[in-house]
Amino acid sequence: MKITKNTHECRKQNKDTITNCGNSVEHERHRNGQSDSRMIEKDNINTNKSTVKMLESILSRENMNRAYLKVKRNKGAGGVDKMEMDELLEHLKTHREEILTSLLNGSYKPYPVKRVEIPKENGKTRKLGIPTLVDRVIQQAILQILSPMYEKQFSETSYGFRPNRGCHNALKKCQEYANQGYWYVIDMDLEKFFDTVNQSMLMEILSRTIEDNRVLSLIQKFLNAGIMNKGMFIKSKQGVPQGGPISPLLANIMLNELDQELEKWGYRFVRYCDDLMIFTKSKRAAQRQYKRVIKFIEGKLKLKVNKDKTNISKLVQVKYLGYSFYRIKGKCRFRVHPKSIKKLKDKIRQVTGRSNGMSIEGRKTKLNQIIRGWVQYFKLADMKGIMKTIDQWLRRRIRMITWKRWKKVRTKFENLQKLGVARERAWEWANTRKGYWHVANSWILDTTLTNARFKKQGYLSFLKYYLEVRV
């Protein structure tokens with residue numbers, strides 16, 4: 001581990017990257033509702049298909065422009081150079097020629113990624129590496145050229161971070177295998193996959209498809225850029241930092257080696273990035289396949305299997321992508337896993353907390369966003385009863401916030417009267433010493449702050465929205 005004096009020194013070391021970058025973006029113009037921004041004003045690169053090389057394709061005006069717009073849409077925090085998104089366009093405009101020249105002649109030097117730790121459900125953290133905005137644009141440009149090439153090589157049962165594929169496709173494939181009688185699974189867990197990828201092996205795999213050594217060298221530079229963590233520089237001799245646009249593709253390229261081997265062996269599997277499930281008809285077959293698979297992963301790919309978290313069990317005992325499975329009349333159906341319900345409730349508790357400082361409209365907007373996003377993701381599951389229960393719990397949370405917001409006895413008294421409560425009864429409840437949560441479940445608020453009133457105010461219902469989008 002090497003300790004730098006400060007972030008300013010890191011920026012000074014990378015001066016050729018940021019201060020000598022290419023002026024690659026014109027000001028965005030919007031004409032007839034469409035963006036007319038241009039990443040590169042003049043494109044002197046030869047784009048003749050018979051002579052163009054991959055790096056030139058990556059740096060073409062159209063591709064770089066798309067990359068910039070994609071990074072801008074994704075927003076996100078800046079990297080160690082502290083450049084913000086609103087500065088990116090002007091920076092690229094000012095330093096267009098230098099950045100293109102440095103990329104073409106091989107002198108480009110990426111910044112180290114900024115270490116960010118995201119809390120996980122188990123109390124641990126997921127380590128992300130956030131590249132600078134300029135590095136992100138370049139990585140996105142590489143991704144846009146490489147992705148179509150590797151899509152032709154990837155397995156049909158690989159679903160993570162691929163165009164027109166997602167979690168629902170992976171879950172439906174699991175369901176298909178189960179309905180064919182494959183009810184036993186190897187739920188494989190790769191230990192710290194992104195942090196332990198063997199870079200030498202990854203570069204060797206990339207070289208089989210990528211013939212332009214300049215592109216290989218550029219990818220290698222991104223892998224070796226290092227990590228800045230609280231002012232400390234850490235060398236990155238192994239692993240693929242999570243957080244950059246190109247990281248998921250590199251992960252899929254690495255694990256495609258495993259996919260191809262599993263297909264060669266005739267195994268039935270579903271993979272979503274590093275979440276792998278292998279399906280068998282018996283526990284004995286699963287144990288036999290597990291030994292063969294772990295030998296390949298640890299021996300050939302130099303990755304490590306977390307044996308404590310890897311399980312061989314029936315599908316109904318497994319949590320996969322937030323879902324669980326159950327069997328009815330011989331057919332596989334989906335449920336929401338209890339841990340996913342707990343995670344949802346924790347999120348709602350944060351939004352409906354007593355002192356989070358949210359406005360009424362802000363809280364309503366956030367709750368509606370949670371409802372839409374959560375139901376859209378879990379719409380494959382049978383959860384009508386769960387949705388009804390959560391609706392009741394959520395309405396009680398909203399009533400509790402409302403009662404607390406009224407604060408003073410006089411305010412409670414007047415508001416209850418406005419809602420139709422008799423004067424004597426309103427005064428009695430305005431002076432109650434019962435807690436907020438208890439009052440939220442009382443008849444006085446149940447009959448005044450009704451579900452119909454919440455609906456009129458614009459609050460969504462989990463159950464109603466679920467029935468609308470149910471597949």
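**Notes on helix packing and loop residues**

1. Helix α10 (residues 199–207) and helix α12 (residues 247–265) have axes that come within 10 Å and cross at roughly 85°. Axes here are lines fitted to C-alpha atoms, for helices over the stretch in contact, with angles running from 0 to 180 degrees between N-to-C directions; helices (H or I, at least four residues) and strands (E, at least two) are DSSP runs, numbered from the N terminus. α10 and α12 are therefore roughly perpendicular to each other, given that angles under 35 degrees count as roughly parallel, over 145 as roughly antiparallel, 65 to 115 as roughly perpendicular and the rest as oblique.

2. This is a predicted model, in which local features need pLDDT of at least 70 and side-chain atom pairs count only at pLDDT 80 or more, while totals for chains, interfaces and linings use all residues. Residues are numbered from 1 along each chain as its sequence is written, and side-chain values use heavy atoms, with hydrogens and water left out.

3. On the α10 side, Met201, Leu202, Ile205 and Leu206 meet Leu250, Ile253, Met254 and Glu257 of α12, where contact means heavy atoms within 4.5 Å. The residues of this contact of α10 with α12 divide into seven nonpolar, no polar and one charged; Ala, Val, Leu, Ile, Met, Phe, Trp, Tyr, Cys and Pro count as nonpolar, Asp, Glu, Lys and Arg as charged, and the others, Gly among them, as polar.

4. In the second pair, the axes of helix α15 (residues 360–378) and helix α22 (residues 462–469) come within 10 Å and cross at roughly 45°, which makes α15 oblique to α22. The contact joins Ile371, Arg372, Trp374, Val375 and Gln376 of α15 to Phe462, Tyr465, Tyr466 and Val469 of α22, and its residues divide into seven nonpolar, one polar and one charged.

5. The loop between α7 (133–151) and α8 (167–179) holds arginine 162, which is buried, with a relative accessible area of 6% (buried means under 20% relative accessible area, exposed over 50%, partly exposed in between, with a 1.4 Å probe and protein chains only). The side chain of arginine 162 reaches the backbone oxygen of serine 158 at 2.8 Å, and, not counting residues up to four places away in sequence, arginine 162 touches Glu151, Phe154, Ser155 and Asn252.

6. Phenylalanine 161, in the loop between α7 and α8, has a positive phi of about 55° although it is not a glycine. Lysine 192, in the loop between β6 (184–189) and α9 (193–196), has a positive phi of about 45° although it is not a glycine, and lysine 192 is exposed, with a relative accessible area of 58%.

Definitions and conventions:
A polar contact is a pair of N or O atoms within 3.5 Å; within protein, one must be able to donate a hydrogen and the other to accept it, and residues adjacent in sequence count only if both atoms are side-chain atoms.
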